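Reader: I am new to this structure and would like to learn how to read it. Could you walk me through a few features?

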Amino acid sequence: MTDLDTPPAVATSATAAPARPSAHRAFLAILRRDLLVTVKELWVILVQVGLTPLFMLFVFVKVLGGQGVVTQNFADLFLPGIVALAALTTALQSVALPLVKEFGFTREIEDRLLAPLSTNLVAVGKLVVAMLRGLVAAALIYPLGALMVGSAPWQPGRLPMVLLTILLGGWIGGGIGMTLAMILPIQRINITFSLVVTPIIWTGCIHYPWPRLSSMPWFQAVTALNPMTYVSEGVRGAMLPGVAHLPGWVCLLVLTGVAAMVTVTSVRSFSRRAVQ
């Protein structure tokens with residue numbers, strides 16, 4: 001065989017183009033990086049979400065309880081609501097505030113948008129991290145609150161219900177935060193947070209069980225429109241089954257429906273803003 005008959009050399013694997021990573025691997029890599037950042041910022045999370053709930057516990061339980069304004073068992077009713085509050089508001093803040101910055105002048109979000117996965121998955125990854133941060137906040141607030149008030153309700157057999165409720169509450173908080181960050185102008189985000197978070201706190205059955213509002217039907221109807229109510233009642237019912245509360249299946253059903261709704265809304269808002 002002559003040199004002319006020799007077939008051209010086949011490119012070796014060393015010179016071949018690197019394989020494009022799958023969307024699954026890219027999603028897990030981004031999620032892993034965000035979780036590592038969360039671990040490094042545990043103290044930031046504690047300071048960010050712990051001040052308001054712990055001060056509320058101190059004033060309502062220690063100060064008012066010491067003066068006889070509230071009864072001693074109020075602490076057991078209040079602590080589950082504080083745990084629920086920490087989960088939802090932490091998730092809301094941990095996704096909304098960074099997104100405002102990432103979509104701002106620096107355009108830091110472009111690093112994630114250039115990853116080999118869909119824009120919708122980038123948004124879902126943000127929601128997953130927000131949900132897990134909400135879970136971490138709830139896990140930190142519970143023992144700190146128990147130390148402050150001197151007692152804490154605990155039902156080990158109902159722990160799965162507590163975890164599921166907190167995870168759904170964190171997901172909803174993340175969805176609300178993402179939607180607000182995507183549809184509002186940057187200069188309006190702070191005042192909107194006040195307008196949104198304040199009603200969530202004070203109409204979310206954090207301080208009281210929902211059935212006890214039967215003497216005020218109009219306010220009971222208002223609280224029924226707040227997803228925070230079902231997070232608080234779900235956690236309270238799991239920790240204090242002997243106290244009048246909304247049935248657990250009702251809380252999970254409503255939270256699942258709200259979670260699906262805010263997922264669609266937040267992911268669409270994120271994708272629309274990313275394209276713009």
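Author: Let us begin with one residue. Leaving aside neighbours within four places in sequence, R236 is in contact (heavy atoms within 4.5 Å) with L77, P80, G81, C205, I206, H207, Y208, P209 and P241. Before going on, note that this is a predicted model, where local features need pLDDT of at least 70 and side-chain atom pairs count only at pLDDT 80 or more, while totals for chains, interfaces and linings use all residues. Residues are numbered from 1 along each chain as its sequence is written, and side-chain values use heavy atoms, with hydrogens and water left out.

Reader: Is R236 buried or exposed?

Author: Buried means under 20% relative accessible area, exposed over 50%, and partly exposed in between (1.4 Å probe, protein chains only). R236 counts as buried because its relative accessibility is 0%. A polar atom of its side chain lies 3.0 Å from the backbone oxygen of C205.

Reader: Which helix holds R236?

Author: Helices are DSSP runs of H or I with at least four residues, strands are runs of E with at least two, and both are numbered from the N terminus. R236 is found in α9. The protein has 10 helices and zero strands.

Reader: How do I find the nonpolar core, and which residues touch the most other members of the largest one?

Author: Look for buried Ala, Val, Leu, Ile, Met, Phe, Trp, Tyr and Cys residues joined through side-chain atoms within 4.5 Å. The largest such core here has 72 residues, and L57, F78, I82, L99, M178, M228 and F270 touch the most other members. Several helices supply at least two residues each, among them α2 (42-66), α3 (74-102) and α10 (248-275). The most comes from α3, with 18 residues. As an example, L57 is in contact with residues including F78, L79, I82 and M148, leaving aside neighbours within four places in sequence.

Reader: How many cavities of 30 Å³ or more are there?

Author: Rolling a probe the size of a water molecule over the atoms shows where empty space is left. On a 1 Å grid over the protein atoms alone, a cavity is a set of points where a 1.4 Å probe fits but cannot get out, and lining residues have an atom within 4 Å of a point. Points are joined across faces, edges and corners, and a volume is the space filled by probe spheres set on them. The structure holds two cavities of 30 Å³ or more.

Key:
A polar contact is a pair of N or O atoms within 3.5 Å; within protein, one must be able to donate a hydrogen and the other to accept it, and residues adjacent in sequence count only if both atoms are side-chain atoms. On a 1 Å grid over the protein atoms alone, a cavity is a set of points where a 1.4 Å probe fits but cannot get out, and a pocket is an open set with protein on both sides within 12 Å along at least five of seven lines; lining residues have an atom within 4 Å of a point.
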